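Here is a short report on a single protein model. Keep the sequence and the 3D view open while reading.

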Amino acid sequence: MDGPEGNVGQPGPADRSHRSSVSSVGARAADVLVYLADDTMLPLAVENLPSLTAHELHRAVREVLQLPDIAQDAFALWLVSPLLEVQLKPKHQPYKLGRQWQELLLRFTDAPDDDVAVDEPSLQFRRNVFFPKQRELQIHDKEVLRLLYEEAKGNVLAARYPCDVEDCEALGALVCRVQLGPYQPGQPTACALREKLDSFLPAHLCRRGHGLFAALRGRGAKAGPGEQGLLNAYRRVKETAGSNSKPEASLSPHYRAYLFKCHELPFYGCAFFHGEIDKPAQGFLHRSGRKPVSVAVSLEGVHVIDSREKHVLLGLRFQELSWDHTSPEEEESVLWLEFDGDNEGTPVNKLLKIYSKQAELMSSLIEYCIELSQAAEPAAPQESAASPASAPGSSPPPAQRPQLRRQGSVVCSRIQHLSTIDYVEEDMKNWKPLVSGIKGVGTGRMGPHPVGSVQLVKMPYVP
């Protein structure tokens with residue numbers, strides 16, 4: 001792909017089947033299927049499909065759905081399959097990219113040849129990675145909110161967005177309100193929740209017993225911990241004025257509430273990539289290996305997520321990290337993340353090595369997101385200068401406090417679970433150059449890292 005907006009990542013929750021988006025191809029008319037976030041199909045009859053751009057197809061989708069202008073920025077077209085997902089640039093031609101799909105799989109995935117040979121992408125209308133959360137809060141159109149809600153819900157239920165149990169219950173309760181209506185005391189709500197529990201909570205919170213114990217539980221048994229927490233949260237969902245008289249019109253506030261809750265997740269709206277990291281050495285023989293991870297890149301930072309345990313291993317804002325990548329021509333394709341930390345109480349610089357055939361794409365996306373963030377920064381001082389708090393003799397406005405996290409929260413970093421290369425700048429003995437050209441924006445304890453500098457990393461001494 002040519003540039004950061006052609007994001008390539010790992011497949012998401014909408015990849016439920018092997019689907020094709022083109023039913024016929026010719027110079028005249030062709031039927032194209034575009035899939036929405038709720039997995040419904042939108043058939044479009046288009047002219048001259050081979051040369052049709054993503055911009056033109058995007059406009060056709062908006063016209064059919066009668067979406068407002070903000071949908072042009074809020075959504076993008078994606079090519080998605082069980083093996084790969086790509087956010088298209090407006091100039092991209094979906095049909096031509098579909099014809100090149102196997103080449104993309106060979107370049108950006110480790111999929112077996114047999115899987116590559118049969119894989120086929122579908123066109124999906126999904127959230128734009130570069131759409132800021134602040135603008136999302138300004139949306140009032142019901143259909144736009146519904147599409148954003150459906151996509152966020154899919155990511156939560158698939159545990160692509162790791163959430164604490166309390167947050168899963170709060171989000172699941174809003175889904176209950178959307179699907180089941182207002183909570184009604186005395187109604188058999190618990191049975192309805194139990195029968196469709198995986199529609200409200202991620203699968204790992206829906207696990208039930210098997211065999212004799214599950215049979216003895218029966219339909220009259222008390223709700224399990226996940227069910228009970230969901231039921232309690234459902235009772236607490238607030239209703240808006242007039243919601244009972246117009247049920248359909250009352251859903252927008254609940255869509256917004258769901259999205260607002262998801263905005264608390266630091267990786268909301270990210271592009272996801274697949275990779276592996278080294279496991280810390282364990283045991284007497286210091287055995288190690290690699291652990292599969294998801295790398296989530298957004299406008300705000302980078303998060304490395306344990307793909308199996310569904311929790312964050314490392315979360316960094318852009319001002320807290322430096323990065324670079326090595327290409328397959330140099331060695332194995334790797335994304336390097338450098339950040340401040342400590343080793344047994346000593347301040348050190350840490351390097352995390354992420355093995356991934358998508359390292360170049362992650363690096364490009366990080367650089368582009370930083371450029372977008374820096375371009376938006378000049379507007380902030382002008383706003384504060386006009387505010388009453390900045391008038392002569394007044395005290396400056398208090399700095400925004402970071403959101404408090406629960407102890408042991410799945411969204412908190414677990415640096416102790418990482419195998420990193422640590423070094424300190426004062427100790428130059430036995431140092432060897434490891435990564436040249438580290439790109440940096442961080443201004444933490446170690447100071448800013450100059451672009452294009454050679455980083456020296458302390459390596460084990462070899463005589």
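## Helix α11 and G229

G229 sits in helix α11, which spans residues 225-236. Helices here are DSSP runs of H or I with at least four residues, strands are runs of E with at least two, and both are numbered from the N terminus. G229 is buried, at 12% relative accessibility. Buried means under 20% relative accessible area, exposed means over 50%, and partly exposed lies in between (1.4 Å probe, protein chains only). G229 and C168 are 61 residues apart along the chain, and their C-alpha atoms are separated by 9.4 Å.

The model is predicted: local features need pLDDT of at least 70, side-chain atom pairs count only at pLDDT 80 or more, and totals for chains, interfaces and linings use all residues. Residues are numbered from 1 along each chain as its sequence is written, and side-chain values use heavy atoms, with hydrogens and water left out.

## Cysteines

How many disulfides does the rule give? The count is zero, where a disulfide is a pair of cysteine sulfur atoms within 2.5 Å. Such a link is a covalent bond between the sulfur atoms of two cysteines.

For C206, the closest cysteine sulfur belongs to C168 and lies 9.3 Å away, so the pair is too far apart for a bond. C206 is buried, with a relative accessible area of 12%. C412 is partly exposed, at 22% relative accessibility.

## Whole chain

The protein chain has 14 helices and 16 strands. Of its 463 residues, 46% count as buried. Take contacts between residues at least 6 apart in sequence: 65% of them join residues at least 24 apart. A contact means heavy atoms within 4.5 Å.

The chain exposes about 23,800 Å², and carbon and sulfur atoms supply 53% of that area. Accessible areas come from the Shrake-Rupley method with a 1.4 Å probe; for residues, only the protein chains shown count as cover.

## Cavities

Rolling a probe the size of a water molecule over the atoms shows where empty space is left. The structure holds three cavities of 30 Å³ or more. A cavity is a set of points, on a 1 Å grid over the protein atoms alone, where a 1.4 Å probe fits but cannot get out. Grid points are joined across faces, edges and corners, and a volume is the space filled by probe spheres set on the points.

The largest cavity holds about 110 Å³ of space. It is lined by 14 residues, and R126, E151, Y161, G269 and C270 are the closest to its centre. Lining residues have an atom within 4 Å of a point. Three elements, β6 (122-127), α7 (142-157) and β7 (271-278), each give two or more residues to this lining. By class, the lining has six nonpolar, three polar and five charged residues. Here Ala, Val, Leu, Ile, Met, Phe, Trp, Tyr, Cys and Pro count as nonpolar, Asp, Glu, Lys and Arg as charged, and the others, Gly among them, as polar.

## Strand β7 and F273

F273 belongs to strand β7. F273 is buried, at 0% relative accessibility. F273 and V295 are 22 residues apart in sequence, with 5.0 Å between their C-alpha atoms.

## Positive phi in loops

Q66 has a phi near 55°, a positive value in a residue other than glycine. Q66 lies in the loop between α1 (54-65) and α2 (71-74). Is Q66 buried or exposed? Q66 is exposed, at 69% relative accessibility.

K310 has a phi near 60°, again positive in a residue other than glycine. Its loop runs between β9 (301-306) and β10 (311-317). K310 is partly exposed, at 32% relative accessibility.

Notes. 1 Å grid on protein atoms, 1.4 Å probe; cavity = no way out; pocket = protein on both sides within 12 Å on 5 of 7 lines; lining within 4 Å.
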